[in-house]
Amino acid sequence: MLIIVYLVAVVIFMVPCQGKHEDCDIFPKNPVVEMGSDLLLTFAKSIGIPCLTYDPRKIIWKLNGKKIPEEHYSFTNSTGASVVIRNVSYPTGDVSCNFRVAGKDILIAVTDVKAGFPPEKPQNISCIQFYQKNVACSWDPGRNTFLETEFNITYMFGYDFSEILFYRTKQHTYQFEDGHLQLYAPLSVTVKAENALGEAVSDVLHVFGSDIVKLEPPEISLENPILRSSIRINWRRPKAPRHLSLNCEVQHQETGSNKWSVSAINMSRKKEESFDITNLKPFTNYTVSVRCIGDEMQIHWSDWSREITATSHGDVPSEKPDLWRQINAPDGEGNRIVQLLWKALQISTSNDGTFWFRVQCKSKSKPWQDLVFNTTSMKAALNLTKEAFEISVVAFNSFGDSPKAILVVPAVDDKALQQVKEVEAFSYKDLIWVKWKTPDVPVNAYVIDWCMDDETCEADWQYTNTTNVSLNAFCSVGAFDPCKRYNITVYALFDGKPGLPVTVQTYLKEAAPGPVSDVQAFNVQQTTATIKWREIPENERHGFITNYTIFYKDDKGLESYVTVNSSILEYLLDSLQPNTKYVVHVMASTKAGGTNSSETFFTTVRYSLYFIKYTSLAAGLGIIMIIILGISTCAVVKKYLLPEIPDPAHSSIGKMPLENIFTAKSKQDGENFVYNLLIVENISDLPLQRPSLISAESKLLTPVNPPRGPSQAQLSLDYYVSGDGYRKQMLTQKMLNRSLSNQPLLSVSSTELQSEPGSPSYSRNEESPMEDISEINVCEETPSVNAYLKNSVKARELVVRENKFNLCYEKGTTPEPSVMSNAKQNSAGQAYVTADMFSHKLSNACNPSAVMEQKENLK
């Protein structure tokens, strides 16, 4: 809808103007005004009659696309529109007239506006006549007019100024052809400047033709010098009138310098000229050039000739070498290596400028041991003892020696040396500065040496008389590297003898350090952990490490940090949470910034080490107490519920030799009976006068009636047992190891045997007679239980006589004569020889008939 309204308005506005053939525009058209003035513009017909087909109050004026404030608008009888532009300050611009229709600006007319200044009077007119070429004139046009300006040149020459030439140019120089000039005639030049705002005319220049001649630069060459420390040059006369005498100037400077030295030479009319430049540094490169001018009122010098480089002739070196030394640490005997260093002389080494150096080392305590040698190098190594030495270096060539440079190397034990105070090194405006305070005694000079903190660094040094210097001005081995550490040492010189050194370190420029490496967590406990990291290498620090910061964060995102100084490489973190995962990294910082290490992880333990130790100890003690209690309980239960049964296999009879005789005594009817148990190896060993009956199973020998004598006070009955059977019994004892009992095999405890009436008592001691059987009631009919183990020791069974017969039988009864009725077989098939078997015989002895029968036999 807005577009339609806009198009209709344009048609309504344009049709009336075209229908009436109105020619409306901005007047004046393309005006040029002086910069800073006001400009009045009007929109009307060319004849000045306002356009009547539009409302002038709807016109909008713009300057360079920006609306001019409406307070500068004006109207004439409501039919004409004007605008005033105040203080025009743009060199160029455009003013447009616009009509507002439906919110849009329609361009009706536009004009260009230029602003500038009228020309100034040209000044300093100068003309140069290039011999046999042309004439060039130039002038100063004055300030910039910002407008197009032309210069009209009036050129008149000849004695009557009859030759007049006119030239126009937009430049402030102009060249005339040589044919229009006369070398020996007057010349006048006038310049007029014109532009849209006005014109200006210069003063007239009056010159003579030959005065403005400018010669070409001469051609120069080198010749071999005759004098020491000199350069000889030669040049040819440039093109010039033959009668014109020339003056020339020779300038020279040391190559690389900005200071020129000029020498004047009157060449007159010669075709060639030569000149010696003297008092130069020997073997030094110099830059040389020449220019010339006529000596008859000429005002223009020729241009300088091309520059050539020449080397001054050799001479005796005029300056001594710059000498210094570096002393290594002495060994156990005081010997040390001294590195001598000196700088090249400030001269060129080209042509014959090669210098040799003579080094002389003199011991102050042994002057006859001088060391002298020559070298072309700039350094030398000397192996010196602990004494003081004086070292001198002289530069020499074919012309002679330079002054001597002397240096004193003090003795190892020299304690009288002093040092400077409060040495500081710092960076300021990309320069390294060093300052210090003087010692308490007078000082001749100071020496500063510096070197990058690196094994491959080449040391540099400088002598100075001040206490505040910038090292960059003295650096001869190269510029200082940023982010590299330098060791700077200051010495005071006392009559050529260096004092004690003072060394400091600094950086030209610091940066953030390299990352910290090898960050690890050690000794992680319940609430503590030790964080350890590796020190940053010196070549990666890029500055002085100010501190380390340890950042650690738990699995809940709570982060903490601790800052420590640069000397600490491990730190104990405390107040941690048990059983928690932590992530930690370390940041190293310099004054220029910090750099983080890679992250590492650790998890605190649930329980502390002391808790685990004490808990384990308590549990171990508890288990030990339970075991002890169990063992004690078992022992008590066994004692009362499972009493120990004596093992015949471990009885004392097993330890007795075969020769032992077991004897039992019994007293019956006033007679003594002795029963002897004899152990024999073979049956053939039995006494022949005492034949016995041998039992095939038990190999127990039962005696027959022994011989009897009238004088015998007691009766003796002998019983024999085979040694083979006895040893098998001992072997079984060793194999079974049934009991720890030491109960004698043929002994019965008194409590067990005497608990039954009539039980006999036995003694294991052969020498002690047994109790008299007559004193014991052995003839009781009460059954007796044998308390000894009768079968195998593995069976642990108490054997009781099944028939429960008494040890003593009733009168009139006779027991079985065989003793095998009560013998049981062991596991080896061998019967035990027990007290029961022996008591069975005793029981038979209790029978009166048996006793009487034996008495009869004895008789």
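Partly exposed here means a relative accessible area between the under-20% cut-off for buried and the over-50% cut-off for exposed. Asp303, at 45% relative accessibility, therefore counts as partly exposed. Keep in mind that this is a predicted model.

**Lys214 and Asp303**
- Lys214 and Asp303 meet through their side chains in a salt bridge, at 3.1 Å from N to O.
- Lys214 sits in strand β18 (residues 213-214), while Asp303 is in the loop between β24 (285-294) and β25 (308-311), so this pair ties together parts that are 89 residues apart in sequence.
- The two ends have their own burial labels: Lys214 is buried, with a relative accessible area of 16%, whereas Asp303 is partly exposed at 45%.

**Glu272 and Arg236**
- Another salt bridge joins the side chains of Glu272 and Arg236, with an N to O distance of 2.9 Å.
- That pair links distant parts of the chain, with Glu272 in strand β23 (residues 272-277) and Arg236 in strand β20 (residues 231-236), 36 residues apart.
- Glu272 is partly exposed at 40% relative accessibility, and Arg236 is partly exposed too, with a relative accessible area of 49%.

- Arg291 forms a salt bridge with Glu249, and their closest N and O atoms are 3.0 Å apart.
- Here again distant parts of the chain get linked: Arg291 is in strand β24 and Glu249 in strand β21, 42 residues apart.
- Glu249 has a relative accessible area of 17%, so it counts as buried.

**His252 in β21**
- His252 is part of strand β21, which runs over residues 246-254.
- With 11% relative accessibility, His252 counts as buried.
- Setting aside residues up to four places away in sequence, His252 touches Lys259, Trp260, Ser261, Ile277, Leu280, Tyr286, Thr287 and Val288.

**Gln360 in β28**
- Gln360 belongs to strand β28 (residues 356-363).
- Its relative accessible area is 24%, so Gln360 counts as partly exposed.
- Gln360 and Val393 are 33 residues apart along the chain, yet their C-alpha atoms are separated by 6.5 Å.
- Beyond its neighbours within four places in sequence, Gln360 is in contact with Asp370, Leu371, Val372, Glu390, Ile391, Ser392 and Lys404.

Key:
Residues numbered from 1 in each chain as written. Predicted model: local features only at pLDDT ≥ 70, side-chain atom pairs only at ≥ 80, totals over all residues. Heavy atoms only, no water. Helix = DSSP H or I, 4+ residues; strand = E, 2+ residues; numbered from the N terminus. Buried < 20%, exposed > 50% of the residue type's maximum accessible area, 1.4 Å probe, protein only. Contact = heavy atoms within 4.5 Å. Salt bridge = Lys/Arg side-chain N within 4 Å of Asp/Glu carboxyl O.
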